[in-house]
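Have the sequence and the coordinates open.

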Amino acid sequence: MRQVWSEKEFSQALNAAKRESMASFGDDHMLVEKYLTRPRHVEIQVFCDTHGNGVYLFERDCSVQRRHQKIIEEAPAPNMSQSVREKMGEAAILAAKAINYVGAGTVEFLLDEDDSFYFMEMNTRLQVEHPVTEMVTGIDLVKQQILAASGEKLTISQNDIKIKGHSIECRINAEHPESFIPSPGKITQYHQPGGLGVRVDSAVYQGYSVPPHYDSMIGKLITYADNRSECIARMKRALEEYVIMGINTNIQMHQKIIMTEEFKSGKYD
C-alpha cells in the first residue's frame, strides 16, 4: 500500500507498489481507492430470512481499536444523525439482499467526517459486539439467528425496531495493557462485576488456565444505561470492580480510554 498526497507522487508510488506486488504475488494489478484521514468504523447489523424479508438493527461504532482489532464497541454511534443512520441501514439491507443473504450479518463501513460512508466488508455471522445491539433494541439476536437458519420468517419488522438507551462493550483480553503481548496462564483470583445494567459474557473462572493457542479475548464487559454519560459511568464502576489476578489483562487500558475527553465527547476516530 502507498499513500499519495499529490499528483506528482503518483507514478513513483504506483510503480513501487507494482514491483513489490509482482515480486510477492506474481501479480501487479492495483486498486486505487480514497484514503480517509479520520474515518470512523461504523457497522450495521442486518437480518434476512429465506422468505425475502430483511431488517437492519441500526449501527455500532467500533472505532476504538488496537492494531486494527476492535476493543471497544458502542450502540448507537455517538454524534450520528438520524438521516445518516437510515441511509447506512438501507444501504446495508440492499447489499445483503443483492446476494440473497440469509441470517445475521454485519455490513461494515468507513464513515468520513463529511458523513460520506464507504463499504468495507461484510461479516457473515453474529459478531463479538452483538450484545450492545441486543441491549439497545431488546432483541435476542441469537434467537433470531436460529429462527432464520431454521427457515422461519423473521418475527420482527423494521418499524418494530427502536433504539432505547445506550450500550458499551469492552473486550477483556489476556494481554499486557501497554505492549499487547499475550498473557496466557492460570487465573488465581476472579471476580466479575454485576448489578443493574451490567452484563458479562465470559467462560473463565478462578483456577482456569488461559491457553496460548487462541485469540486473547477472555470476556466481554457490557454496560447499559438510559444515556451515554450514565453508560460510561457504569462502565467505569464495572471495570473498577472486575478482578482478574494471575495474568495480565487490558482492564487498565479500558479504564484510561473511557476517561479521555475524546471518548467522553464521542469525538474519536
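**Backbone and salt bridges in a predicted model**

Glu 134 is buried, at 11% relative accessibility. The model is predicted.

Q: Which residue forms a salt bridge with Glu 134?
A: The N to O distance in this pair is 3.0 Å. Glu 134 lies in helix α3 (residues 130-137), and its partner sits 65 residues apart from it in strand β9 (residues 198-202).

Q: Is Glu 59 buried or exposed?
A: Glu 59 forms a salt bridge with Arg 85, with the closest N and O atoms 2.8 Å apart. The pair links strand β2 to helix α2 across 26 residues. Buried means under 20% relative accessible area. Glu 59 has 1%, so the residue counts as buried.

Q: What is the relative accessible area of Arg 85?
A: Arg 85 is the partner of Glu 59 in a salt bridge. The cut-off for a buried residue is under 20%. Arg 85 is buried, and its relative accessible area is 8%.

Q: How many residues apart are Arg 2 and Glu 20?
A: Arg 2 and Glu 20 form a salt bridge, the closest N and O atoms being 2.8 Å apart. Arg 2 is in the segment before α1 (7-25), while Glu 20 is in helix α1. Arg 2 is partly exposed at 38%, and Glu 20 is partly exposed at 43%. The two residues are 18 residues apart.

Q: How many salt bridges does the structure hold?
A: Side chains of opposite charge can pair when their charged atoms come close. Glu 43, Arg 60, Lys 70, Glu 73, Glu 108, Glu 129 and Arg 171 are linked in a network of such bridges. The number of salt bridges in the structure is 20.

Q: Where is Phe 58, a residue other than glycine with a positive phi?
A: Phi of Phe 58 is near 65°. Phe 58 is buried, with a relative accessible area of 9%. Its place is in strand β2 (residues 54-66).

Q: Is Asn 100 buried or exposed?
A: Asn 100 also has a positive phi, near 55°. This residue is found in the loop between α2 and β4 (103-111). Exposed means over 50% relative accessible area. Asn 100 has 66%, so the residue counts as exposed.

Q: What is omega of the cis peptide bond that joins Ala 75 and Pro 76?
A: Pro 76 lies in the loop between β3 (69-75) and α2 (82-98). The bond from Ala 75 to Pro 76 is cis, and omega is about -5°.

Methods:
Residues are numbered from 1 along each chain as its sequence is written. This is a predicted model: local features need pLDDT of at least 70, side-chain atom pairs count only at pLDDT 80 or more; totals for chains, interfaces and linings use all residues. Side-chain values use heavy atoms; hydrogens and water are left out. Helices (H or I, at least four residues) and strands (E, at least two) are DSSP runs, numbered from the N terminus. Buried means under 20% relative accessible area, exposed over 50%, partly exposed in between (1.4 Å probe, protein chains only). A salt bridge is a side-chain nitrogen of Lys or Arg within 4 Å of a carboxyl oxygen of Asp or Glu.
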